[in-house]
Amino acid sequence: MNKKLNILLIVLITVGLLGCSRKKNGFTRRAYHNTTARYNGFFNAREIKKANVQRIYDEHKDDFSEIIPLFVYPNEEQSKAMYPDMDKIIKKTSTVIDRHSMFIKDEEHNRWIDDCYMLMGEARFYKQEYFVGEEVFEYIAKAYNKDDVKYEALMWLARTYIVLEKMNKAESYLAIIEQEGVPKKYSSEFNALYADFYIRKHNYDDAIAKLSKSLESTKNKEAKRRYTYVLAQIWLKKKEYSKASELFTNVIKLKPKYDMMFNAKISRALSFDTNGENQKDIKKMLSRMVKDGKNVEFLDQIYYALADIAFKEKDEPLGIEYLQKSAALSVSNDKQKALSYLRLGELFYEKPQYIQSQAYYDSCLTVLPQNYSTYETIYERSKALTHLVDNILIVQEEDSLQSLAKDEKHRNKVIDKLVQKAIEEEDLKKADLANSENFNFLDNDNANSNLPNSGKWYFYNQTTLGFGFTDFKKVWGNRKLEDNWRRSNKETVASFDEENLSNETDSASADSSKNKINEKTSPEYYLQFIPLTEEKMIASNNKIIESLYIIGNIYREDFEDYKNSTLAFENLIERYDTCKYKLPSWYNLYRISLVTNNDPMKEKYKGLILNNYPESEYARIIQDPSYNKVTRENRKRVDNYYSIVYDLYSDHQYESVLVRCEKAKSIFADNHLQDRFDFLAAMAIGHINTLDTFKLSLEDIIVKHPQSEVSVEA
């Protein structure tokens with residue numbers, strides 16, 4: 001019996017040893033290596049990857065104000081946290097490949113080896129070791145050229161290049177897969193990946209086609225929710241409200257997590273169609289959401305949606321009111337607060353009402369994240385608006401002071417009011433001081449009491465104070481204790497009569513370096529700020545002259561508001577026809593006439609310049625437009641401007657590049673770098689638009705500038 005057992009044991013060991021061999025393609029050998037590879041290294045490595053990918057999705061917070069990502073990848077910090085697990089995957093898959101690969105006669109006979117290589121490449125991807133991962137995926141695509149895994153590797157190569165923003169390479173791999181025909185099991189993921197590529201290129205029509213195709217075969221519920229939401233967002237971006245609304249409704253039916261569910265409802269409201277059948281239902285839904293206590297933190301988004309509906313229904317006052325509520329009630333969502341302020345700023349800018357617009361743009365920038373897609377454009381407009389408004393207020397202020405200087409009766413009436421106000425403030429301060437002393441006495445007296453909240457006056461009741469403090473923070477946020485605390489731009493103040501003069505006096509009283517009368521209860525205190533002498537009147541007029549000229553240039557150069565620019569220059573010439581800016585203003589009006597195709601205006605200012613200043617630079621430019629190209633000062637301005645635009649291009653701010661290149665045409669007319677501006681614009685288009693559009697832009701360069709170096713580059 002023992003002899004038979006020993007023989008059987010020897011046979012089993014021999015079979016086992018023969019099975020371990022990787023040199024011959026036998027059934028027992030394949031069975032052993034396939035089973036060991038699958039259920040040992042590969043299975044464990046795959047489970048580690050699944051757990052890490054799921055954690056990345058769980059930790060991810062979508063920004064629903066933008067198109068949410070179709071695929072969620074780890075950021076740098078998350079990637080570093082994944083290093084230990086990804087290294088385990090690399091080690092396990094490497095061991096499987098080393099011990100169980102059966103590569104015989106140029107063919108792999110272990111069906112799990114290619115899967116191990118894929119896991120290894122994915123681990124490198126999640127570690128953000130993209131170039132090492134790229135080598136692994138390229139090897140798989142070549143070594144397993146006849147297998148389906150080839151297409152999975154090519155998809156991961158495309159994914160890698162999309163993340164690296166090498167869009168041309170990504171497109172080449174996606175095109176190869178499409179031409180050869182993607183296997184059915186990869187169809188959904190492939191089309192979603194292609195849609196991701198098109199979204200990043202801002203080619204939304206093609207993205208819609210690919211994403212719709214992906215949804216036809218998507219079985220994963222979480223992926224279906226995300227893909228449907230993104231598709232709805234794209235239709236909303238294209239202002240196809242009925243299609244967007246239908247898809248957001250589908251998202252709600254798929255029962256996603258609360259944040260996606262809530263934003264789907266809000267976005268469905270933003271897809272509101274005035275001709276739709278469900279408009280009343282959407283309004284009722286938003287009204288219920290306002291009253292729902294669990295939506296307190298989301299009231300800003302709800303009111304933003306209500307504002308959007310109001311604007312679509314042509315009820316602008318209600319829309320403005322809702323946007324103001326949205327900004328005021330925004331507790332923790334700075335981006336939503338910024339978007340509400342931005343929409344108000346844009347609304348008043350289009351009217352145009354620049355003073356109101358500037359206030360909202362300024363408020364927007366205090367909370368807008370600097371990584372916002374159009375931050376640079378918003379910042380530039382806000383800066384121009386602030387410069388404009390500062391100068392408008394200077395003109396208003398000086399005009400008010402001059403009106404006081406010219407009208408003694410009005411002046412005395414204003415000063416009497418200010419004196420009376422100062423006396424009342426002094427009396428109030430004395431009363432407050434007395435109350436403060438009484439309060440300290442009462443506070444000390446109550447220190448031994450066990451009833452700290454029993455005071456009847458508001459400021460004695462600590463509970464009421466707590467509620468008031470909380471409400472204040474909700475509306476205004478954390479504000480420093482200072483004058484003009486409600487203003488984000490402390491320099492912007494009103495400038496009419498009493499208020500203007502009061503502001504002047506406040507600023508002067510703080511200046512101890514000058515001999516000022518600081519007694520506000522005295523009429524003499526206010527008289528010192530009014531231009532009653534010839535010297536002060538000249539200084540006041542000079543301020544107005546400078547500001548009017550700046551205002552005219554800002555309207556023309558920054559806003560292309562030729563109507564208001566014309567009014568500013570004509571106002572300057574009419575009021576101060578002997579000032580130093582008379583000739584430059586005429587020339588600016590001449591340039592405006594060229595842009596607006598106003599021939600009578602053109603002939604008028606051309607004649608004034610040539611008849612009155614025939615030897616001036618402006619006259620030479622009018623007579624010989626090419627003269628402008630060789631003007632040293634102008635060349636320097638153009639060179640500096642081009643450097644700014646080129647830096648924007650280097651920083652990948654392609655939208656800003658297009659805006660600046662377009663402005664160069666109106667600011668510098670026929671300049672010596674126009675070919676370079678046009679070429680930069682074409683290159684920017686290549687980064688954010690389709691290849692066909694890019695091609696047309698380059699062909700346009702060749703036609704416009706045939707003798708230029710950029711023609712060769714194009």
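This is a short exchange about how some labels on a predicted model were reached.

Colleague: Why is Ser656 called buried?

Modeller: Its relative accessibility is 8%, and buried means under 20%, so Ser656 counts as buried. Ser656 belongs to helix α29, residues 654-668. Leaving aside neighbours within four places in sequence, Ser656 touches Glu376, Thr377 and Leu648.

Colleague: What makes the aromatic pair of Phe71 and Tyr73 stacked?

Modeller: The angle between their planes is 15°, and planes under 30 degrees apart count as stacked. The centres are 6.5 Å apart. Phe71 has a relative accessible area of 10%; the cut-off for buried is under 20%, so Phe71 is buried. Phe71 and Tyr73 are also part of one aromatic cluster, including Phe125, Tyr126 and Trp156.

Colleague: Why is the pair of Phe190 and Tyr194 called edge-to-face?

Modeller: Their planes stand at 75°, and over 60 counts as edge-to-face, therefore the label applies. The distance is 5.5 Å centre to centre. Both residues lie in helix α8, 4 residues apart, about one turn of the helix. Phe190 and Tyr194 are both buried.

Colleague: How do you know that the charged end of Arg381 is within reach of the ring of Tyr349?

Modeller: The distance to the ring centre is 3.7 Å, and the limit is 6 Å. Lys312 lies over the face of Tyr241, also 3.7 Å from the ring centre.

Colleague: Where in the chain is confidence lowest, and where highest?

Modeller: Helix α1, residues 2-20, is lowest with a mean of 50, and helix α24, residues 562-575, is highest at 96. The chain averages a pLDDT of 83.

Methods
Residues numbered from 1 in each chain as written. Predicted model: local features only at pLDDT ≥ 70, side-chain atom pairs only at ≥ 80, totals over all residues. Heavy atoms only, no water. Helix = DSSP H or I, 4+ residues; strand = E, 2+ residues; numbered from the N terminus. Buried < 20%, exposed > 50% of the residue type's maximum accessible area, 1.4 Å probe, protein only. Contact = heavy atoms within 4.5 Å. pLDDT = per-residue confidence, 0-100. Phe/Tyr/Trp six-rings, centres within 6.5 Å; stacked < 30°, edge-to-face > 60°. Lys NZ or Arg CZ within 6 Å of the ring centre and 35° of its normal.
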